[in-house]
Amino acid sequence: MTEPRQLDPYASPKTFYGAELRRLREAAGLTQSQLGERAFCSGTYVGQFETAVRRPQQDTSKLFDEILGTGEHLQRLCRLARENKYPDYFADAAELEQMATEISEYAPMLVPGLLQVEIYTRAITLAALPLASEEEVEKLVRARMDRQYLLNQSTAPQLWAVLHETVLRIPMGGPTVMHEQLIHIAQLAHSHRIMVQVLPFTAAAHALLNGMASLMTFRDAPPVVYTESAGTGQLIDEPVMVERSQKSYDLVRAASLPPMASLDLIESVAEEYTTSCAPHTT
């Protein structure tokens, strides 16, 4: 059970939701564990909502309303609490990212968000949303950049990224952008802030052909995996599916170049971009 902590209920919609859930639960004479049992979740999970550690979920809020006899009160508060600077399909994953002790990423096409430099983020955002306003583009770019403060914290998770060689070779934004992006990844690896491997073209078929995957593990909670495709994403916490994803990731990691060889390739490709963007003389 999560111990109560002092929260300002009016600090945010999420803290207000937590305060209301606690008030209603206590009024019903239920412990966190008892409410969790009736809502098919753990008491710890209930406590994380009450202490605003996790964003409320719409389906769980519906169960809480039914159990506590509160109409649609918590469901309405949930909608307010879920307003976020990230797309709704990614918002829960972004929150869990901050709580993870280890993040294992596989990137088949694009550099993972936590490793992107600003000009690369802007380039892929413009490519994906060519008709978006400048204000909308900057909002999306800033949200992604804000996530990266995580890597500078003393409690930063261990980050292991496997990049398909395609990620290095697609010239998103042009040679100058790619050179800066790849050098940034290399610098992070050299400073021991991340571990990176490259899955080369020569590896051919592999276990994660369907797309990107981000596996997150936690100190006091079960692991999850987040998968994403264009305009949508899915957070998976079903143990069998998570275990299957972990095994697939292990196979991909085993098929990848060793870390030092991967760094050599990344830096070599970065140098190729420098050559391609150099002015030609006659």
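Student: Which residues touch the most other members of the largest nonpolar core?
Tutor: Keep in mind that this is a predicted model: local features need pLDDT of at least 70, side-chain atom pairs count only at pLDDT 80 or more, and totals for chains, interfaces and linings use all residues. Numbering runs from 1 along each chain as its sequence is written, and side-chain values use heavy atoms, with hydrogens and water left out. A core here joins buried (under 20% relative accessible area, 1.4 Å probe, protein chains only) Ala, Val, Leu, Ile, Met, Phe, Trp, Tyr and Cys through side-chain atoms within 4.5 Å. Among this core's 45 residues, the ones touching the most other members are Leu 115, Leu 182, Ile 185 and Met 216.

Student: And which helix gives the most to this core?
Tutor: Helices are DSSP runs (H or I, at least four residues), numbered from the N terminus. The top contributor spans residues 175-190 and supplies 7 residues, so say hello to helix H10.

Student: How many residues are in the second, separate core?
Tutor: You'll find Tyr 17, Leu 30, Leu 35 and Cys 78 in there.

Student: Which residues form the aromatic cluster?
Tutor: Rings of Phe, Tyr and Trp (six-membered ring) pair with centres within 6.5 Å; planes over 60 degrees apart count as edge-to-face. Tyr 45 and Phe 49 pair edge-to-face at 4.7 Å and 65 degrees, and Phe 49 pairs edge-to-face with Phe 64 at 6.2 Å and 75 degrees. Put together, the cluster is Tyr 45, Phe 49 and Phe 64.

Student: Why are Tyr 45 and Phe 49 about one helical turn apart?
Tutor: Both sit in helix H3 (residues 43-50). They're separated by about one turn because their spacing there is 4 residues.

Technical notes. Rings of Phe, Tyr and Trp (its six-membered ring) pair if their centres lie within 6.5 Å; planes under 30 degrees apart count as stacked, over 60 as edge-to-face and the rest as tilted. Helices (H or I, at least four residues) and strands (E, at least two) are DSSP runs, numbered from the N terminus. Buried means under 20% relative accessible area, exposed over 50%, partly exposed in between (1.4 Å probe, protein chains only).
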